[in-house]
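Me: I would like to learn how to read a ligand site and aromatic pairs. Where do we begin?

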Amino acid sequence: MPVKKTTKKATTTKVTKKGSAAKKAVDNKKAKAYESLRGMKDILPKHEGYWLDVFHKSESVARAYGYQYMQAPILEQAQLFVRSIGKGTDVVNKEMYIFEDRDGKKVALRPELTAGIARAYISNGMHNLPQPVKVWYQGPMFRHDRPQAGRYRQFHQFGCEVLGDRDPVIDAELIAVSYNTIKDLGIDAVVHINSIGSLEDRQNYLVELVGYFRSKRSYLSDESKKRVSKNPLRILDSKDGQDLEVIQDAPQIIDWLSQDSKAYFMKVLEYLDELQVPYVLVPTLVRGLDYYTDTVFELFVDSEDALSAQSALGGGGRYDGLVEQLGGRLTPAAGFSLGIERIILAMKDQKQKLGDVPAEKKPHIFFAQLGEQGRRRALSLIEQLRKSGVFVGSHLSKNSLKGQLELANKQHATHTIILGQKEVQDGTVIIRDMDSGIQEIIDQKKLEKKLKKLLEIV
Ligand code: HAM
């Protein structure tokens with residue numbers, strides 16, 4: 001369609017003093033850029049080495065153990081989390097992003113994914129599949145917690161869930177998957193483990209525990225005093241120095257387990273020995289979510305450092321009652337989630353630096369082009385190379401060769417392909433060895449084969 005030329009007269013505006021002040025105000029307004037929300041972090045390209053390494057290695061461990069990918073929505077009915085995680089928990093009481101949507105429905109950003117997976121298992125009739133159903137996931141979670149190192153309001157988890165069977169070997173396998181994922185990422189981890197028994201065991205234990213805490217009430221911290229009747233188990237998790245002395249002599253849940261739960265737990269430990277997963281029995285480990293039964297565990301960096309002992313890399317356990325509690329059939333289940341940000345912090349700490357770009361993704365070859373014809377030919381050649389499995393780095397918006405060679409160096413390219421007008425006409429390209437500076441002219445038709453050789457793609 002022909003474009004109509006407008007003949008609008010250019011208007012000249014006299015910039016008055018008042019006008020310039022207004023302009024300044026607009027400029028100032030413009031200068032104030034938006035920041036990300038508190039506790040929410042951007043993941044930058046310079047960190048892709050860490051992120052992709054965690055994504056790829058965790059997926060590969062999960063797949064090796066026969067887990068399939070699953071995902072549930074980020075937004076769910078708020079009530080799903082209240083019922084699953086529990087009313088008295090910090091996650092539900094203090095940390096949920098909860099709001100009414102435009103239909104007036106109470107919804108929440110998922111603080112974790114176990115409840116969503118259990119809901120999806122029921123909604124999608126997954127009990128009809130061969131049991132157990134073994135799934136893995138990765139994705140963002142949201143908790144309005146007080147941000148600090150390793151604690152964010154948007155964070156990411158990798159996790160696995162096994163629904164539809166109860167056997168100690170499942171608990172041990174899940175622990176092995178979580179432990180080996182961390183190990184494959186170069187971190188020495190240790191598993192803290194405990195059993196909190198069946199719901200019935202826990203009720204009996206709670207009577208004893210509350211009685212004990214009441215007798216020691218005056219020695220407890222203010223926060224724990226409030227918890228004595230609301231959520232006494234959480235007191236066991238307190239890091240407050242005042243509480244620690246009281247906790248030391250508190251009755252231990254392990255002494256209140258039924259024969260069945262005790263035998264089950266022993267079997268889990270035997271399998272862990274078989275798998276050579278190092279663990280420490282921690283009688284006060286209870287976890288902060290209400291849905292657990294029997295086995296509970298957390299993973300920590302294996303270090304003397306007090307800080308690493310405070311923030312778990314991940315955690316999980318058995319939750320045999322959850323699916324039924326959400327309206328499904330009786331479906332025993334277990335799972336774990338690892339905090340990806342915390343794993344990356346540990347990777348950085350342990351100087352497991354992988355470089356900014358992981359080796360398998362590193363563009364060893366950079367494609368530089370000159371002039372309009374060079375750019376056009378580069379577009380089609382790069383696509384041709386991609387289709388044959390050869391990935392190259394490029395910045396097609398750049399015109400100068402010098403600038404492109406500098407970029408190639410920054411990307412640690414071993415070779416740069418140079419394509420200018422002359423090469424377009426001759427049907428050739430120049431291949432420059434970035435270390436020696438030696439250049440070679442080759443036919444474009446032979447480029448793919450040559451690059452595959454340079455990149456050692458067989
Ligand atoms: P969780 O212990 O609440 O368990 O979270 C698991 C891991 O997520 C933590 O150990 C930590 O690494 C990471 N994480 C939690 N909150 C934050 C935060 N605010 N910032 C950074 N990282 C965080 C669960 O979420 C359960 N769904 C685990 C599970 C799966 N149980 C059975 N299946």
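Reply: By class, the ligand shell holds nine nonpolar, 10 polar and six charged residues. Ala, Val, Leu, Ile, Met, Phe, Trp, Tyr, Cys and Pro count as nonpolar, Asp, Glu, Lys and Arg as charged, and the others, Gly among them, as polar. This is a predicted model: local features need pLDDT of at least 70, side-chain atom pairs count only at pLDDT 80 or more, and totals for chains, interfaces and linings use all residues. Residues are numbered from 1 along each chain as its sequence is written, and side-chain values use heavy atoms, with hydrogens and water left out.

Me: Which polar side-chain atom lies 2.9 Å from an oxygen atom of the ligand?

Reply: A polar contact is a pair of N or O atoms within 3.5 Å. Here the atom belongs to Arg-143. Arg-287 also has a side-chain N or O atom 2.8 Å from a ligand oxygen. The protein covers 95% of the 660 Å² of accessible area that the ligand has on its own (Shrake-Rupley method, 1.4 Å probe).

Me: How many aromatic pairs are there?

Reply: A pair of aromatic rings is described by the distance of the centres and the angle of the planes. Rings of Phe, Tyr and Trp (its six-membered ring) pair if their centres lie within 6.5 Å; planes under 30 degrees apart count as stacked, over 60 as edge-to-face and the rest as tilted. The count is eight. Tyr-212 and Phe-213 have ring centres 5.7 Å apart and planes at 55°, so the pair is tilted. Tyr-291 and Tyr-292 are edge-to-face, at 4.8 Å and 65°.

Note on methods. A polar contact is a pair of N or O atoms within 3.5 Å; within protein, one must be able to donate a hydrogen and the other to accept it, and residues adjacent in sequence count only if both atoms are side-chain atoms.
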